[in-house]
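Good morning, colleagues. Please turn to the display.

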Amino acid sequence: MRMFSPRRLVERAAGKVSLTPVNPIVPALILTCCLAACGGGGSGGSTPVPEPTVTTPILDPTTVALLDSVPGPGVTNLEPKQLTSSFTHPGHSDASLELSSGCSGFAGTTIRRNLFDLSRADFNQILDHKINCDLNENSTYTVTAKSTRSNEAASVSELFISSGVTNPSGLAVINQLDLPRDTVNDMFLGYVTGALYEDLDLPSGIESLIRDLILDIAEANWGNLVDPDSIYGVTSQQISYLSRHPDGSPSTELSAAITFPVIPPASGFVARDRVILLTHATGSTPSNLNDTDAWYILANLFASRGYLVIAPDNYGRGRSGGGPENAPETYLMANRTALNTLDLVNLVLEGRAYEGVYTGSNVAIIGYSQGGHSAIGLYLLLETQGPENLSVREVYSGGAPHNLYETVRGVMQHLDRSCEDGVYCRYVDEDSTIPFATDRIFPGFLSYTDTGLSLDDVVTGETINPEFVTAFLGNDPELDDFKAMLQLSSFTQIVSAEDNLSGSNALVHLYHSPFDRLVPFANTSELAAVLEPAVTVDFHENRCNSDSYKAIFNLTNKVGVLHTLCGLSVLDDALADFK
């Protein structure tokens, strides 16, 4: 276990976030490798960096090393067919940006996020670049991000891309099930009477009372799920597809479920103008084709309405989760899950296997909880660097940790006994909430990003090490990179949605129960405030706050019950909209 202690960041290993002086005759520009801070308050806004001193323009810019990138350093065999990449580094709010590359077809977009709660205030933003490049085989390219501050001080960050040879793999069908219409009609009812109650694990003594309240919620809110009025039988496929490992190197191990209607001859079927993308919730693996998995069930329900449905597994689940490494899931790692899904969507829509059920250019994205977070990450990628022939028309996102950083910080405050009834820490539960951090969030972030920390530094069993909690809340410099990675996956810190989403035609549906004990309601209310200036947002604040929700909230403090029930109401709404 590491004993965290303050030290100068300049002593950290090469390759971490740093500012490396390129011009040795300009000592005034030599900066230590830190990011940004606002005094540890975690209040949701960055402290402005002081105005830079006016200086004589510098001919040679300072180099700012990357925080994260896909592809990562050392990857020399990037798949040439995968045109989209991302890279991230710290920056300044007063800096203008210029992205450039020698590759053909280059296009780039930058999403700025505020940075705070770090050890020093040399930077106050994190710059998330999403780029497209046409890649030739066995070629090397450089993508440059040049920043120029108001005093004309310049810095550069570079992403190096090395492609390999084109992999002939694409989509491969591993397993296929054909489900008659009556079977699809009964799938959700079977889930409600079986797997749902097992998942909820209701407390004894009041179980029957809570079951009655759940039935009240079901009757009022889940009519489309219970009686979906299926039109067609469904073909469900377990597929593997060519995508990328978390470091960006090619992988054929990722898996997904693809479902589509069985069209009878001479039925007069009209191909739909929407493809539906489902981003699964915690614990789900749609590709297993398991009729106790709510997201697999949902994929079949939409397909029975005539839609082509794509439901990817996160990396680390399904086929990519096996093997001797037992790969951690890319849990809440927005850039990586979005890139994997983009690879899958391109393969599905560029092929001809499914063109009989989908002829259009419109996409709907549906996700809840972890999947709601993935849905927003995918929406951002498709709107900024997605294929030109695709248009996101609907997004459904509910119960998600959109402010991932504050959600994790709330766990730390609970453990430190410094919560003081804050909105992100008041309902933290050591038996339920903390394992989400130790077993799901931390493994991926610590395995796939270069934070300088290992899982052993942070976790012992399912316990977060007290030294780590103290270091996190005390803004220990050794945790700067880790905290920056959490903020990279926090959508509520986006500086201006108008800069990135002003051209979006999507209707964004947001949901969150105010009685949610697992994921704080503030996550979604804050995201709504960020998105509303740029896109049409329908925040269904009253969807999951009925008297039955309130009664269950008062009957039990068991984490996750109301979170799950609200999720089913979100899915019912989505199913109703695609009737």
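In what follows, a residue is called exposed when its relative accessible area is over 50%, buried when that area is under 20%, and partly exposed in between. Please bear in mind that this is a predicted model.

By that criterion, the exposed residues Ser208, Glu219 and Ala220 sit on the face of helix α3 that is turned away from its buried side. The buried residues of α3 are Ile210, Leu213, Ile214, Ile217, Ala218 and Asn221. Viewed down the helix axis, these buried residues fall within an arc of 150°, so they line one face of α3. An α-helix has 3.6 residues a turn, so residues three or four places apart point the same way.

What covers the buried residues of α3? The cover includes α2, α4, α15 and α16.

Helix α3 runs from residue 207 to residue 221, and Glu207 belongs to it. Glu207 has a relative accessibility of 30% and therefore counts as partly exposed. Its C-alpha atom is 10.0 Å from that of Leu555, although 348 residues separate Glu207 and Leu555 along the chain.

I turn now to the largest pocket. Its volume is about 1100 Å³. The lining comprises 45 residues, and Thr282, Gly283, Phe436, His563 and Thr564 lie nearest the centre. Which helix gives the most to this lining? Helix α9 does, with 7 residues. Helices α2, α5, α8 and α16, like α9, each supply at least two lining residues. By class, the lining of the largest pocket consists of 22 nonpolar, 16 polar and 7 charged residues.

Thank you for your attention.

Methods:
Residues numbered from 1 in each chain as written. Predicted model: local features only at pLDDT ≥ 70, side-chain atom pairs only at ≥ 80, totals over all residues. Heavy atoms only, no water. Helix = DSSP H or I, 4+ residues; strand = E, 2+ residues; numbered from the N terminus. Buried < 20%, exposed > 50% of the residue type's maximum accessible area, 1.4 Å probe, protein only. 1 Å grid on protein atoms, 1.4 Å probe; cavity = no way out; pocket = protein on both sides within 12 Å on 5 of 7 lines; lining within 4 Å. Points joined across faces, edges and corners; volume = space filled by probe spheres on them. Nonpolar A, V, L, I, M, F, W, Y, C, P; charged D, E, K, R; others polar. Arc of directions from axis to C-beta. Contact = heavy atoms within 4.5 Å.
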